Amino acid sequence: LVAMQWVGKSELQEFILSAYERMFHKYFQDRDLIPDGNLTEMRYDDLIGNEVGVIKQAYGELGLEGFDAAKPFILEEVKQYENYETNTYKYPRETMDKVYSRWKDIFERLGYSEK
């Protein structure tokens, strides 16, 4: 966050929580305007470790041709990240409870449960 003045921790937390809520509620509202076959969604958890399968599924959902031609390039790209380790974070339970209570409907609509 870039600010022109000092922002307290609680104000910053509230800004982040509300900005995320607004962003996703707007997305959920507007995604119904996208014609069928022009949008696909994928969970990061589903993508990692099954990149080719998930991308192939996206090709199908979008009605795209040429997956077989693209597959070698996709495999090459995936290979470049084979040793990448996803960042992990340990947040206090109180913080996680606050986030989940504020974003519960977003998590559920995106297929994520409380962790």
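Keep in mind that the model is predicted.

**Ring pairs**

There are nine aromatic pairs in the structure. Take F24 and Y27: with ring centres 6.3 Å apart and planes at 80°, they count as edge-to-face, because planes over 60 degrees apart fall in that class. Both residues belong to helix α1, which covers residues 9-31, and their spacing of three residues puts about one helical turn between them. As for solvent, F24 has 16% relative accessibility, so this residue counts as buried, the cut-off being under 20%. Y27, at 28% relative accessible area, is partly exposed.

Another edge-to-face pair joins Y59 and F67. Are these two residues buried or exposed? Y59 is buried, and F67 is buried too.

Here are the two pairs laid out in a table:

| Pair | Centre to centre | Angle between planes |
|---|---|---|
| F24 and Y27 | 6.3 Å | 80° |
| Y59 and F67 | 5.3 Å | 75° |

**The cluster**

F24 and Y27 are also part of one aromatic cluster, together with Y20, F28, Y100, W103 and F107.

**Charges over rings**

F28, one of the cluster members, has R109 lying over its face, 4.1 Å from the ring centre. Which ring does the charged end of R43 sit over? That ring belongs to Y112, and the charged end of R43 is 4.1 Å from its centre.

Methods:
Residues are numbered from 1 along each chain as its sequence is written. This is a predicted model: local features need pLDDT of at least 70, side-chain atom pairs count only at pLDDT 80 or more; totals for chains, interfaces and linings use all residues. Side-chain values use heavy atoms; hydrogens and water are left out. Rings of Phe, Tyr and Trp (its six-membered ring) pair if their centres lie within 6.5 Å; planes under 30 degrees apart count as stacked, over 60 as edge-to-face and the rest as tilted. Helices (H or I, at least four residues) and strands (E, at least two) are DSSP runs, numbered from the N terminus. Buried means under 20% relative accessible area, exposed over 50%, partly exposed in between (1.4 Å probe, protein chains only). A charge sits over a ring if NZ of Lys or CZ of Arg is within 6 Å of the ring centre and within 35 degrees of the ring normal.
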